[in-house]
Structure formats: C-alpha cells, structure tokens
Amino acid sequence: MVPLLLGLIASGLSIYWAAPVFLHPRDAVTGSRDYLVDVGRAISNATRYTGDPRYWVYDHFGLGPRYLAGALRLHWALAYPFMLVGVLYVLGLALGGGWRALLPRRSDAGDALRMMRYYAGVIPMAVLRRPWPHPPMRFKYNALQRAAYFGMGVCGVLVVLSGWAMHKPVQLGWLERMFVNYDVARIVHFGCMLAFAGFIVPHVVLAIADGWDTVRSMVVGWSARVRKDAP
Amino acid sequence: VTEEPEDRERTTAPEETVSPEEPVAAEAPEPAEEPVAPKPAPRAWVAEAPEDPIEIPRRRLAAQTRRDFLLFGAGLVASVAGAWWLLPDRTKARLVGRAAHDRLDTLAARVGLSRANRERALNGALTFDDDVAEALYSKNRRVRTYRRSDVTPLRNNYNGQTPGPEYLATWSLQVSGLASGTTERFRIDDLLRRFDLHEEVTRLVCVEGWSAVAWWGGIRFVDFLAAFPPAPDARWAAIRSAVNLDLAGRPDPYYVSIDLGTAQHPQTLLATHLGGRPLPVAHGAPLRLLAPVKLGLKNIKAMTEIVYTATEPPDYWNERGYSKYDGL
C-alpha cells in the first residue's frame, strides 16, 4: 500500500503541476510567471543545487517537469492495484471482524484529549525524570489511533471516488455531482493526498519510538505484551 | 534442549492476524498470573471482541517472526525494484547520479526489468484504463450543462504558438470520405446559412487537470453528418488543422481521431461561437470541434479538413504517449 501510495503521490503531483498552478504576472528579469519556479531558484541558490534551478520544486516533489504523459500512465498503472489492495483490506476487515476495533465510539472525545495530554507530556516528563503513566487502555487502539485509522479508511474511499469523479465526469456524472463539481473533486483528491502523507510519516515514527514489540506487531500481526486487565 | 514451561511468551488473540499492518498498542507489563476469566457477557454486534491471550512456545514465535520479516523484506526489495523499473530515467539519474543509474539499469534489464518491458507494462495500463472507460460509456448519457452565469475564464492552450489571423481570409473546410464519393469544400458562411445554430454551456476538461465552463455556439456535428453522410464503412473521422504552429512558429499540423459515435453525440458541435460572439483566433476561429464527452485535447481548433475512414486514423497526442480514447 505504502509504495503504491508514494508512486501515486509522485505521479499525481506531476499531473497536478503539468500546467503551472501558482501564477503571477511575468517577471521582466527571470521571465518566470510561476511561484514554484521562483521558490526553486531561491532554494537552488541557497543550496548550490546542480540540477536545473527552475525545476527544483518539480524535481523534488514529483517526477520532474514535462512528464505529463508518463505520469498519467504511471498513475493509472498504480491506481488499479491501489484499488485492488483497498478492496482486499476491506474484505479482510469484514471477514475477520477487525472493523469493530476501528469504529469510533462515544468515549472517544474524552479519551482523545487524555491521549493528547499524555503525548504532549512524554518528552518533558522524560527530561524531568518524572513518572508519566499512559492513560488506561480499554480497547485494542486508543482514541487517537482509532480516529487516525478510521480517518484513513474514509480518505481511501474519498480518494478513489474523487479520482473517478475527475477521471470520468461525464459517464460518472452522478459521482461528479456528489462532489458538487469537477473542481471540488480535485480539491478533495488533493486533500486526501495530504492526509495520507500526514499519516504515514508520524505513524512509522511513532511505531519505531514505541519499541521493538510494536514494530514487530506491524509485520507479524501479534504482540507479546499482554495488558494487565486482559480477561 | 527441552522447552521449559517458563520459556513461553503470551501473545494476544490470533484475530489480529487479519490486519497485520496495524500496530498493537499495549502498555501494561506482563502479569505474574493470569486472572480468572469472568463469565463472558453477551456482546453487542459492533462491540470489539476481547483480546484473549494465548500461549505459544518462544521458539515457534521466533521462527514465525523470522519468516514474516523475511517475507516483509522480500516485499520491500520487490517494491524498490518495481519503483526502479517504473520511474522515468531522468528522475532516477537525478536521484543516484548518471553513472550509477546506467549500471543499475543494466543490472535491472538482466532480470527482465528492461525499458522495453516498462513501456509495454505502462502502455498496457493505459489500454486497460481505456477499456474500462469504454465499458462505462453510454451514448445516451448527456454532458452536464451549466447556466451562462457559471462561465469561467477559458485558457488559450494552443499547442505551440497561436497562429496569426492571416489564415482566416483563405480558410475553408474540406470534407472527404463521403458516401457520395465527392470532396466537399465549405466556407464558414455556407455552414452558418445551411445549419441551425445550437448553444450549450459545458465544461471543457484539459488533460493537464484544469477545466473551464464556457458558452459555446455552433452547428451539431450530427446534423452535418446527416446532410453529408460518410461512406457506409466509415467508423472514424480524422480531423486536421493545417494552421497549427510549433513553439518556434513553424507549421505543425494538428490531427485528432474521433469515432463517429462521439461525432453523433447530440452535444458534439462544430463550434463557431464562444460567449455569444464568433470564435476568436485564440480559440480556433472560425470552426473548432467541441466534443464535451472528450478531453480538451480532442477538441481541435481551426479545423481545415475532415476525412471519414474505416480504420482508426492517427492522433497527435496519442503519438506522444497519451491515451487515444480520452473519453470523460
């Protein structure tokens, strides 16, 4: 899923930037009309970048400029496996009953606040060498994890639907209207991409920070830690 | 070595194996003794199942962990190899340097991850996507229309330079491949006199991702087809524009392939007007195709020739790596 997503994001950004998005009146000195070209020049000057300074942003946040045809092919080549993996994930959740652990529940608001307070205090309390107990766990996931995993599921559905709404706005006109119009579907698609990117990095960092048992549990599917209140 | 009873690890319930990527948050240290299990109360259907600990010999756990991590590593290696295979050469060369890129490319080609195979795979994805699009297509489906107040600015996305207005004086539309076997020539006044003008406000969607709502006027392609029917075996219209220029201003004729189904769609126009006025040069004066069931790149500007053909004619952007279907 993650490699597919990374490929989809890189090719998606190349598609998004096929026509420069952030424009200003043409600059007399540089001939540029594109804010991202200006940013690229500035960064290249500051870092002595050896590539084309105009395309710094496009080279680092996509597959590079002038690659629309290739990026589209790559996007379709990855999007179909992505949807397939998504269907397998949903099937697994449904058949194994794992979806129950992801459902938001009424106690989540308070639990989420307690978890935020805990996370905010972990590092200061470690520096101060004070005990800082983890809030009690009543379910498989804490409220923040549940919100994140549930939200990713929602994003997965939205990103696929908004993608189809943009890809076939005439044949799937009902879907385009569900997103109000083509432009809103584009914004939703882009927002989901940001949400995915914003999830993956902290997710992996936190899992590694939590220790070997958690990293192992991500790969093998079980944990050797048993909680005290387990029946 | 015999296994001692304390050489066992307790793990959480096996049901977690259905979603192996989710981390299990657990915080309490292992209890010395297993508490007495209370009588299970009936659970609601949506309630989470309790995570019953199970006991498994430590050695078996270690073996399973080793196996799973080896599989995970193999998946990781396959992903990196797949990424190397699919990414464009320029991107890869920028990431690892030209020399290392060439060495790695040779290595990848040796195990079948060659450039030719990549092109085949990516073109296969494009064809598959076109097949899905064709399966979704229904000729009765109308394109969404808007109010005139919804109109947004329309970009001039002429590929290359926008031609000067000189060509307008001698412009004519030449049509061949007709059932009559003749070649017809039309001036814009002939067309406007002979056919009714239809108006529609539709969205033009560009392959680059931007779109614009515009108010178009023109004659229906289907009316034109009825008045000048194509040869009976014709399935395609090859539409060309001789006036297109490349970025340096040299002639660069543009051509698209349009299936007759699209041409017969009631909202497909041979457009003559934009925003209630005759088309400006930037938007394809005096006559352009408006096929709102297709991406903008099929909506050829300043068309000068239509040839009806039995086989699919060449398409400018298809020859440059894009889909030839381009249906919305």
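A salt bridge is a side-chain nitrogen of Lys or Arg within 4 Å of a carboxyl oxygen of Asp or Glu. The model shown here is predicted.

**View 1. Arg118(B) and Glu119(B) are joined by a salt bridge.** The N to O distance between the two side chains is 3.4 Å. Arg118(B) counts as buried, because its relative accessibility is 7% and the cut-off for buried is under 20%. Glu119(B), at 30% relative accessibility, counts as partly exposed. The pair belongs to one network, in which salt bridges with shared partners connect Arg73(A), Arg118(B) and Glu119(B).

**View 2. A salt bridge links Arg203(B) to Asp183(A).** Nitrogen and oxygen are 3.4 Å apart in this pair. The contact crosses between chains: Arg203(B) lies in strand 5 (residues 198-205) of chain B, and Asp183(A) lies in helix 9 (residues 182-210) of chain A. Arg203(B) is buried, with a relative accessible area of 10%. Asp183(A) is partly exposed, its relative accessible area being 34%.

**View 3. Within helix 6 of chain A, Arg114(A) and Asp111(A) are about one helical turn apart.** They form a salt bridge whose closest N and O atoms are 2.6 Å apart. The separation is about one helical turn because the two residues stand three residues apart in the helix. Arg114(A) has a relative accessible area of 45% and is partly exposed, whereas Asp111(A) has 14% and is buried. Over all chains, the structure holds 17 salt bridges.

**View 4. Six named residues of chain A make a nonpolar surface patch: Tyr119(A), Val122(A), Ile123(A), Val127(A), Leu128(A) and Leu206(A).** The area of the patch is about 590 Å². Helix 6 (residues 108-127) of chain A gives the most to this patch, with four residues. Tyr119(A) is found in helix 6 of chain A. This tyrosine, Tyr119(A), is partly exposed, with a relative accessible area of 37%.

**View 5. Helix 2 (residues 89-96) and helix 3 (residues 98-110) of chain B pack against each other.** Two packed helices are described by the angle between their axes and the distance between the axes. For helix 2 and helix 3 of chain B, the angle is about 120° and the axes are 7 Å apart. Helix 2 of chain B is therefore oblique to helix 3 of chain B. The crossing of helix 2 of chain B past helix 3 of chain B is right-handed.

Key. Residues numbered from 1 in each chain as written. Chains lettered and ligands numbered in written order. Predicted model: local features only at pLDDT ≥ 70, side-chain atom pairs only at ≥ 80, totals over all residues. Heavy atoms only, no water. Patch = residues over 30% accessible without salt bridge, like charges linked within 9 Å, V, L, I, M, F, W, Y side chains within 5 Å. Areas by Shrake-Rupley, 256 points an atom, 1.4 Å probe, with all protein chains shown as cover. Buried < 20%, exposed > 50% of the residue type's maximum accessible area, 1.4 Å probe, protein only. Axes fitted to C-alpha atoms, helices over the stretch in contact; angles between N-to-C directions. Parallel < 35°, antiparallel > 145°, perpendicular 65-115°, else oblique. Left-handed = near helix turned anticlockwise from the far one by under 90°.
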